[in-house]
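The tour goes stop by stop.

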Amino acid sequence: ASGDARAAKLSSMADTIDTLLHEDRVFPPSPEFVAKANISDPAIYESAAADPVGFWRGWAEQLDWFKPWDVIVEWELPYAKWFVGGQINACYNCVDRHVARGNGDRVAFIAEGEPGDVRHFTYGQVKDEVSRLGNALKSLGVAKGDRVAIYMPMGPELAFAMLACARIGAVHSVVFGGFSAESLAERINDQSAKLLITADGSWRGGKVIELKRIADEAMGIGCPSIERVLVYERIGDSSSEFDRGSVNDRDVFWSQVVPHQPSDCPCEPMESEDLLFILYTSGSTGKPKGIMHTTGGYLTGVYATTQWVFDIKPDDVYWCTADCGWVTGHSYVVYGPMANGATQVLYEGSPAAPGKDRFWRIIERHGVTILYTAPTAIRTFMQWGESYPSGCDLSSLRLLGSVGEPINPEAWMWYHRVIGGERCPIVDTWWQTETGAIMITPLPGLVATKPGSATKAFPGVQTLLLSESGELVDLSKDDREGHGGILALRAPWPSMLRGIWGDPERFHSTYWAKFPGYYFPGDGCKIDADGDHWLLGRVDDIMLVSGHNISTMEVESALVDHPAVAEAAVIGREHDVKGQCVAAFVILRGDHAIVPGSDEADQMIAELKSHVAGKIGALARPEDIFLSADLPKTRSGKIMRRLLRDIAEGRALGDVTTLADPNVVQNLRSQYEEKEG
Ligand code: WT7
């Protein structure tokens with residue numbers, strides 16, 4: 001985004017700041033929680049700040065290394081190397097070492113499928129499963145350094161697939177099962193993945209999502225690097241509506257190759273800086289960015305944050321509701337909790353199947369003690385009403401977490417009262433695919449929480465605020481009102497991204513060029529008089545739809561790809577449940593001229609919505625599409641997104657005098673008002 005656009009975004013955040021300024025409720029941790037907390041010594045903040053490198057070394061020393069490192073950190077902006085010369089294996093640290101220490105009988109996964117099937121896997125069983133799968137991958141030609149794409153339902157086999165790659169030194173790249181064939185193919189081709197692991201299908205909302213069919217479609221678009229497709233049989237052939245797709249000699253079924261493999265598969269010693277995974281995230285241009293994470297530093301970051309932020313202990317039953325298709329599932333389902341030997345719940349399907357109390361039934365059934373979920377889910381539950389959670393026994397819960405987008409104080413209070421029974425601390429955790437691990441969060445035995453604030457930087461992490469012109473905001477002065485600005489981080493930290501796959505130039509320009517010397521995450525932030533952080537949303541062209549990053553450009557190009565569309569402008573508009581949703585303004589080509597409001601227009605709008613869902617995935621489907629003869633542009637031809645946002649959110653229009661044609665806005669305005677009725 002240009003400086004202008006950022007300035008406009010920042011000023012529109014002023015309203016949010018105003019509301020949050022009036023938020024003065026404070027919830028200190030209870031003495032009972034503090035007494036048992038993994039960390040409760042406030043001196044940790046100072047000691048970590050005085051020696052961050054030593055702080056992180058202390059955590060790395062708690063992992064099992066095949067060979068110790070020579071140098072803790074080498075930092076040449078923007079490239080960090082951590083634990084250089086050390087050799088380590090992520091799968092060994094998440095699985096084998098627990099077995100080696102006599103904890104092989106501890107339950108790793110309580111896996112509940114949407115139809116209600118429950119399977120338990122101990123760490124010992126996970127070791128065998130992952131080893132057999134590792135051997136199967138080798139037998140299919142996968143070698144150290146090869147990329148493996150994973151397109152699977154949320155369940156233990158998805159975690160096994162990630163861990164099996166890590167075990168043999170292959171690089172995994174999980175693509176969320178809600179993405180379209182085209183999105184899958186784009187990600188596979190960007191990294192030239194050699195193998196695709198998918199499943200016949202996945203249960204969602206009582207229906208089967210036909211993953212294999214979509215994967216076939218992706219292969220049809222063209223994925224020349226893929227040699228074999230390994231298909232896990234989740235659905236089997238019990239379901240009549242289920243379509244396994246066309247089976248050809250590229251396909252191999254899991255049941256044919258995995259169970260017969262030996263359960264002995266050594267963990268490949270990896271250099272600390274060897275690539276562990278690539279995970280794609282949206283950027284300000286249409287093309288997704290392949291974020292690269294390496295082994296030793298990433299594992300150190302997620303191990304440390306899991307232990308302190310989630311206060312995780314051997315007798316906890318932890319449940320992070322994220323799918324492994326997102327970074328939260330990488331860091332806080334697989335690598336962080338498993339490096340800590342946690343027992344966790346995995347759930348495959350929809351929170352509304354078969355009833356709207358599914359989450360609460362799962363908590364009751366398995367005695368979940370720690371729940372980590374997203375504000376959009378919490379707002380959905382608020383809308384459904386309190387009767388669903390209050391009909392279930394949630395007394396096992398002792399800690400709650402939130403991630404993905406700013407949590408509004410109202411949703412925070414509901415979570416606190418209805419789910420947490422007013423006794424559970426809430427950790428609102430700010431981080432990104434790029435940061436690998438949680439960066440801003442309360443430590444639940446140490447930090448008083450405030451509804452809507454992610455509170456403090458994690459020890460060893462340093463945040464900064466920058467003004468629009470890139471100057472450091474002096475946080476020491478005028479501290480009664482607090483300070484607003486653009487968030488920045490002082491690099492390096494161990495779990496930071498190591499780059500964008502195949503695009504060093506973009507790595508530099510996206511994160512390091514705007515404010516030289518600091519990592520630029522793209523978020524607005526306010527720091528109050530207590531030093532607590534209030535995240536205010538993105539200041540760039542990325543929307544947070546149900547907590548998921550979607551770029552406005554990506555949706556615009558999907559729309560323009562439709563034969564009837566001449567031009568499109570996309571913005572994120574506020575939405576009660578999703579936080580933001582996609583709103584699009586579309587100019588049709590001359591030969592498709594349509595009267596706004598007509599049946600024909602409604603049909604076109606429906607068609608465009610499904611076109612976008614088909615191109616990118618259902619999560620990018622626009623909520624609103626406005627057909628227009630023109631878009632509000634400045635005289636120099638730039639689309640005025642601020643005005644579009646005002647229109648879509650029903651606000652009074654600001655200054656329109658710089659518009660090339662002020663009538664354009666009036667036309668759009670009346671369409672909006674008609675829609676609202
Ligand atoms: C963006 C990163 C972190 C895993 C899930 C999303 C927003 C994330 C919070 C929070 C306010 C948050 C930011 C960030 N975000 N967590 N607790 N409070 N905003 O990862 O897809 O890489 O998105 O999500 O805007 O930049 P992601």
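**Stop 1: the ligand.** By class, the shell around the ligand holds 7 nonpolar, 6 polar and 5 charged residues. Bear in mind that the model is predicted. Select the shell: 18 residues surround the ligand, and D428, T429, T433, D523 and R538 are the closest.

Now show the polar side chains. Move to R538, where a polar side-chain atom lies 2.7 Å from a ligand oxygen atom. Then pick N549. An N or O atom in the N549 side chain is 3.1 Å from an oxygen atom of the ligand.

How much of the ligand does the protein bury? Taken alone, the ligand exposes 560 Å², and the protein buries 96% of that. Colour the elements that give two or more residues to the shell: helix 13 (327-339), strand 20 (426-429) and strand 25 (533-538).

**Stop 2: aromatic rings.** The structure holds 44 aromatic pairs. Select F55 and W308. Their ring centres are 5.8 Å apart and their planes stand at 55°, so this pair is tilted. Edge-to-face would need planes over 60 degrees apart. The pair links distant parts of the chain: F55 is in helix 5 (residues 52-60) and W308 in helix 12 (residues 296-309), 253 residues apart. Buried or exposed, these two? F55 is buried, at 11% relative accessible area. W308 is buried as well, at 10%.

Next, select W75, Y79, W493, F507, Y511, W512 and Y519. Ring pairs link these residues into a cluster.

Then go to F179 and R187. The charged end of R187 sits over the F179 ring, 4.4 Å from the ring centre.

**Stop 3: two arginines in one loop.** Select R234. R234 is found in the loop between strand 11 and strand 12. With a relative accessible area of 16%, R234 is buried.

Now pick R250. R250 is placed in the loop between strand 11 (228-232) and strand 12 (251-253). R250 counts as partly exposed, at 22% relative accessibility. Draw a distance from R250 to G236. The two are 14 residues apart along the chain, and their C-alpha atoms are separated by 19 Å.

**Stop 4: cis peptide bonds.** Zoom to L77 and P78. The peptide bond from L77 to P78 is cis, with omega near 0°. P78 lies in the loop between strand 1 (71-76) and strand 2 (79-84).

Jump to A491 and P492. A cis peptide bond joins them, with omega about 0°. P492 lies in the loop between strand 22 (483-489) and strand 23 (499-500).

**Stop 5: positive phi.** Which loop holds T455? T455 lies between strand 20 and strand 21 (463-466). T455 is not a glycine, yet its phi is positive, about 60°. T455 is buried, with a relative accessible area of 0%.

End at S546. S546 also is not a glycine, and has a positive phi of about 50°. S546 is found in the loop between strand 26 (542-545) and strand 27 (548-551). S546 is partly exposed, at 22% relative accessible area.

Methods: Residues are numbered from 1 along each chain as its sequence is written. This is a predicted model: local features need pLDDT of at least 70, side-chain atom pairs count only at pLDDT 80 or more; totals for chains, interfaces and linings use all residues. Side-chain values use heavy atoms; hydrogens and water are left out. Rings of Phe, Tyr and Trp (its six-membered ring) pair if their centres lie within 6.5 Å; planes under 30 degrees apart count as stacked, over 60 as edge-to-face and the rest as tilted. Helices (H or I, at least four residues) and strands (E, at least two) are DSSP runs, numbered from the N terminus. Buried means under 20% relative accessible area, exposed over 50%, partly exposed in between (1.4 Å probe, protein chains only). A charge sits over a ring if NZ of Lys or CZ of Arg is within 6 Å of the ring centre and within 35 degrees of the ring normal. A residue is near a molecule or strand if one of its heavy atoms lies within 4 Å of it. A polar contact is a pair of N or O atoms within 3.5 Å; within protein, one must be able to donate a hydrogen and the other to accept it, and residues adjacent in sequence count only if both atoms are side-chain atoms. Accessible areas come from the Shrake-Rupley method with a 1.4 Å probe; for residues, only the protein chains shown count as cover. Ala, Val, Leu, Ile, Met, Phe, Trp, Tyr, Cys and Pro count as nonpolar, Asp, Glu, Lys and Arg as charged, and the others, Gly among them, as polar.
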